[in-house]
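Please look over the sequence and the model shown below before reading on.

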Amino acid sequence: MEKVVLKHISKTFQVKEQDVHAVKDVSLQVEAGDIFGVIGFSGAGKSTLIRCVNLLERPTSGEVWVNGKNLLELPAKSLREERKKIGMIFQHFNLMRSRTVAQNIAYPLKGSGKSKVEIEAKVKELLELVELADKAKAYPSQLSGGQKQRVAIARALANDPSILLCDEATSALDPQTTQSILQLLKQVNEKLNVTIIIITHEMAVVKQICNRVAIMEAGVVVEQGNILDIFSNPQNQTTKNFINTTTSINEIYEMIEEENPLVKLEDDEIMLRLTYGSSNTDEPMMSELVNRFNLEFNIVFANVEILSSTPIGNLVVKLKGSETDRNAAVRYIKEQGVKVEVLN
Amino acid sequence: MGSQISHIVEFIIGKIIELINNFLPMEFMNNPIMIRGLVQATWETIWMLLISGSIALVLGLVVGVIVTVTNKDGLLENKVLYFIFDKFINFFRAVPFVILIPLMMGLSRLLVGTATGTLGMIVTLVFGIIPFFARQVQSALADVDSGLIEASISMGDSPFQIITRVYLRESIPGLIRSISMTLVSALGLTAMAGQVGGGGLGAFAIRYGYQSQEVDATWTTVVIILLIVVIIESSANYFAKKLTH
């Protein structure tokens, strides 16, 4: 079932009488249960795009369907009711400084018709979910960044939303805290069945928890799809750049340029970059290679990522042997569905 | 109730005068008419400040909120309302208070039946204080992080809820400081209002200190005014600090 459908969304801002096209004709579909990542460099329009989902920004054109309702056609009051079903967390947490942690979490529950006892119980439950039960009476200024984001997550979940929007939610946090927030989001997705949309400029975030991803550049979605497909077979250059930020494999190219002795080849050697897809990582390909052909091989670089419980590998190997054997080996590797790039 | 407070005020002023007299022997201390006049003047000043202050603070808060939310990119952007209220503030801030006094005579007669005396001065004072406080409110509300507004919209709050639960609630420490500054500045206005029949310490200082050249009388009013300012500012600081987290 589609949770969020964006149809041909465009958003134009007027800055000093000039039109700035922040988002250009973007269409997306987010299915129930997805953790959908939208990645792009700053200024790519991804923050504007996520703000169109709950109409913090009204798109200049296009349609926004959430939970089967066309939000742009709703009157103000119904729109506010729909917004209560869409939680949102922010880069700078946006907690109320004058309220305690418990009061911040209870904030969206006021006027919901819930009794004081029910609200207290809900706050307690949420505090336990985000593991901050001992901080109920603390003020936001007494919390660390990670704790603040946990409070913000609890607040966003107070009305039991089915969708959670995360706008650069981990960008102000250190790597370790980012990990724990991402784990919490994954838990929210799995246990509470909340569909999550994440805006980020960090590929590591997408890699860790998203099952689907859209890559944005200059207001346009340049590529989108299943995370395994995108990682194992990226089409667009921006996508490739983002993927390269999460691995050090690009250093190989620099080493070749610099004629580093490590990547220097003998006459009977070739160097290959192999990218394992999702379907072929179980095969014992390397040992097969040695058994079938009269070759020696040497691993220069290896990296295996686990994406949605499926490993994706990147290998740089040197093969030593006769030209016939080498060519046969390359053919064999390709037959296994592994992407091969000859590096010299 | 009023007479009780005035008894307390009388007692306190008596003590202060006694204190000053220890350092600086004053002849007018021996004149019971003068003392009674001083007590009455202090009472009038406090009364003018409290009545006009509380009316103006409420109205100024409303005006301050209106200019904040109707401003460009505000919560309820409205060019016409913004223009009207912004110009209202600018106009009344531009007119010097001594000119505001004759200007407000007609309105004062209409609203409270008189343009003179302590009561007559209330209307003029209110119009003198509102624009000052409204601008203070506007700047206090501008300090509220726009991210909080965005968060509360995302949680389904109505504009009215955002005003009360975010703008006003989150800027309480700033608003308390604004109130304190406004009251101190209003105290200056009450002294001027005193010249045209409002009474109070300003009128007392002019009559005895200036016209009769009783230096002691002048210094006593200075000390009392300073005391009022200290009370306003220190209690504001106390509460602002206590409510800042």
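## The nonpolar core

Which residues have the most contacts inside the largest nonpolar core? In this predicted model, they are A:Ile105, A:Cys166 and A:Ile197, and the core itself has 153 residues. A nonpolar core here is a set of buried Ala, Val, Leu, Ile, Met, Phe, Trp, Tyr and Cys residues joined through C-beta atoms within 7 Å. A residue counts as buried if 20 or more other C-beta atoms lie within 10 Å of its own, as exposed if 12 or fewer do, and as partly exposed in between, with the C-beta atoms placed from the backbone. In soluble globular proteins, nonpolar side chains tend to be buried together.

Helix H2 (residues 32-70) of chain B supplies the largest share of this core, 17 residues, and at least three residues come from each of domain 1 (2-245) and domain 2 (250-342) of chain A. Leaving aside residues up to four places away in sequence, A:Cys166 touches A:Ile89, A:Leu185, A:Ile196, A:Ile197, A:Ile198 and A:Ile199, where a contact means that the C-beta atoms of two residues, placed from the backbone, lie within 7 Å.

## Numbering and confidence

Residues are numbered from 1 along each chain as its sequence is written, while chains are lettered from A and ligands numbered from 1 in the order in which they are written. Since this is a predicted model, local features need pLDDT of at least 70 and side-chain atom pairs count only at pLDDT 80 or more, whereas totals for chains, interfaces and linings use all residues.

The pLDDT is the predictor's confidence in each residue, from 0 to 100; chain B averages 89, and 94% of its residues score at least 70. For the complex, the predictor gives an ipTM of 0.83 and a pTM of 0.84.

## Chain A and its domains

Chain A has twelve helices and 14 strands, which are DSSP runs numbered from the N terminus (helices H or I with at least four residues, strands E with at least two). The C-alpha trace of chain A spans about 80 × 50 × 40 Å along its principal axes, and buried residues make up 37% of its 344 residues.

Chain A is divided into domain 1 (2-245) and domain 2 (250-342), with bounds that come from an automatic or database domain assignment. The centres of the two domains, taken over C-alpha atoms, are 39 Å apart. Seven residues of domain 1 are in contact with nine residues of domain 2, and helix H8 (residues 227-232) of chain A gives the most to the domain 1 side, with four residues.

## A hairpin in chain A

Strand E1 (residues 2-15) and strand E2 (residues 18-31) of chain A pair in the antiparallel sense over ten bridges, pairing being assigned if DSSP finds at least two bridges between two strands. A:Ile9 has A:Val26 in E2(A) as its bridge partner. Two residues lie between the strands of this hairpin, where A:Lys16 takes a positive phi near 50 degrees.

## Where the chains meet

In the complex, 17 residues of chain A are in contact with 14 residues of chain B. Helix H2 (residues 76-83) of chain A gives the most to the chain A side, with three residues. By class, that side has seven nonpolar, five polar and five charged residues, where Ala, Val, Leu, Ile, Met, Phe, Trp, Tyr, Cys and Pro count as nonpolar, Asp, Glu, Lys and Arg as charged, and the others, Gly among them, as polar.
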